[in-house]
Number of protein chains: 2
Amino acid sequence: MNDTFVPFSNKHKMLVENQLRESVNRLKAPSVLKESMLYSLEAGGKRIRPLLLFATLEAFGEQTEKGLQTAAAIEMIHTYSLIHDDLPSMDDDDLRRGKPTNHKVFGEAFAILAGDALLTHSFQLIAETPEKFAGADVKMKLVLELAKAAGAEGMVGGQVADMEAEGKLLTLEDLEYIHIHKTGKLLSYSVMAGAILANANDKQVELLTAFAHHLGLAFQIQDDILDLEGSEEKIGKRVGSDEQNQKSTYPALLTMNGAKQALSQHIDMAKSSLKQTGLDTAVLEEITDLVASRDH
Amino acid sequence: MNDTFVPFSNKHKMLVENQLRESVNRLKAPSVLKESMLYSLEAGGKRIRPLLLFATLEAFGEQTEKGLQTAAAIEMIHTYSLIHDDLPSMDDDDLRRGKPTNHKVFGEAFAILAGDALLTHSFQLIAETPEKFAGADVKMKLVLELAKAAGAEGMVGGQVADMEAEGKLLTLEDLEYIHIHKTGKLLSYSVMAGAILANANDKQVELLTAFAHHLGLAFQIQDDILDLEGSEEKIGKRVGSDEQNQKSTYPALLTMNGAKQALSQHIDMAKSSLKQTGLDTAVLEEITDLVASRDH
């Protein structure tokens, strides 16, 4: 494992990070706004969403360049959601990936506005994809599905549900609603966007979306498990913090054994969906293995 | 005057308000989110941006239905910007059009998220415009220009510049930068979107954009004049509040006479641009007259 993934990841992370930097640098906008946007875009992270898009293009034998602007658009949406989630009125976080959060550096107003600008610019990036990579029909589909994944019926709806759930005991159904919307929809979109750019047929889109759905849930379950069993150094937050914050988690609802069983079921279903596509999904499979075995 | 505008305005306001309500009602999203979105969408207002779009379609002899979703999209962008601008970390306003602001009713977190959802949904509304009203090429153009008008190079950039200008003495150039970006770009987009939907030629788009540019500045100058000379009852805020808040205004920079002269120049240029289009711009002219003579 990891033989093909590490060089794939390094190469594609660099490409999307260049695209993000250039997209912001060329904006004719007040410099404090550009600095605030770049500060959070460059805070690092695994760039898992862009990598899922590129790995999907790879499965179709399509060139990376086709997906560069959409990959950057997705990362902008993800980044804006982190900036807004960290605000004092939301999760009130001072640190993100070991660095002060956006509002701690630029103040709340510019943090909110940087988020708004990133969200808006994501649609511009897709719209500006060169004709040779995507025609108007394909771009229109990408815009529509991104709005669905990121908006009230997707990520924003999930964040609202998460805030409403605070301090409440949730059912498994409630918990999955939150995960599927708050993080799952944008992960699924990353794979779906690759399929749309590759002009996949309906069956392939369906299978790849199912793959991403199970991958996203596996990711969340592993998150909850790591919160209880992980190494503090590796996961970067206090072990057991979910428990102390009275957050509903998979281990709390299913027992630790049940959570581990659910994790392995979702990994199996993710892989089985991939196999049925009949595509060369080596990199997507490696990403799936990494999710299953990650320790941070 | 007003003979054709009042019935035009009443009819089209109702149409766009129905579209806004239906668009939110059919969302599968947490009800508190939908309530927060609707609360601000239904707070009233002149719906000047949708009316500009419809009046432009009318000038081309195009049917209103073509522009319904785009008009609603523009009003969603405008509404989200008001919600975010009213937040404690921005303008910290408790009242908007005589009603408590969104965060006063729903709390800051849900106000921020309702704004995010409205911004995101505006792009979905354009993308979902039925094919018979707009093909993928037209919709792509609408998405691209909306992102430019609303984002870092448009409205959000203007809001950042406005916040940076607080308490500073501005030059006329700085003041116009703020107005052109904070409010002008979205007003211009409203006219431009009508032209795009009507498949206008480049010359017509250019003239109509110039019209909207001058109309937008005239609107702002009249705002500043009303703040000093208006009736408190009619404008809904204390007369002279800009002066007390040490806001740079046209009368402060140009004297009251100079401001009135600038107003009439922009109105003249707006009308002259309209005439050169060779279209039947009766309703757009009436809107221009209303801006020049409005008392609130």
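This is a predicted model: local features need pLDDT of at least 70, side-chain atom pairs count only at pLDDT 80 or more; totals for chains, interfaces and linings use all residues.
Local features need pLDDT of at least 70, side-chain atom pairs count only at pLDDT 80 or more, and totals for chains, interfaces and linings use all residues. Residues are numbered from 1 along each chain as its sequence is written, and side-chain values use heavy atoms, with hydrogens and water left out.

Most residues other than glycine have a negative phi. In A:Asp92, however, phi is positive, near 55 degrees, and this residue lies in the loop between helix H4 (68–85) and strand S1 (95–96) of chain A, where helices (H or I, at least four residues) and strands (E, at least two) are DSSP runs numbered from the N terminus. Because its relative accessibility is 45%, A:Asp92 counts as partly exposed, a class between buried (under 20% relative accessible area) and exposed (over 50%), with a 1.4 Å probe and protein chains only. A positive phi, near 50 degrees, is also found in A:Arg97, which lies in the loop between S1 and strand S2 (99–100) of chain A.

Over all chains, 3 aromatic pairs are found, a pair being rings of Phe, Tyr or Trp (its six-membered ring) with centres within 6.5 Å, stacked if the planes are under 30 degrees apart, edge-to-face if over 60 and tilted otherwise. The rings of A:Tyr39 and A:Phe106 have centres 5.6 Å apart and planes at 70 degrees, so this pair is edge-to-face. A:Tyr39 in helix H2 and A:Phe106 in helix H5 of chain A are 67 residues apart, and both are buried.

Conventions: Chains are lettered from A and ligands numbered from 1 in the order in which they are written.
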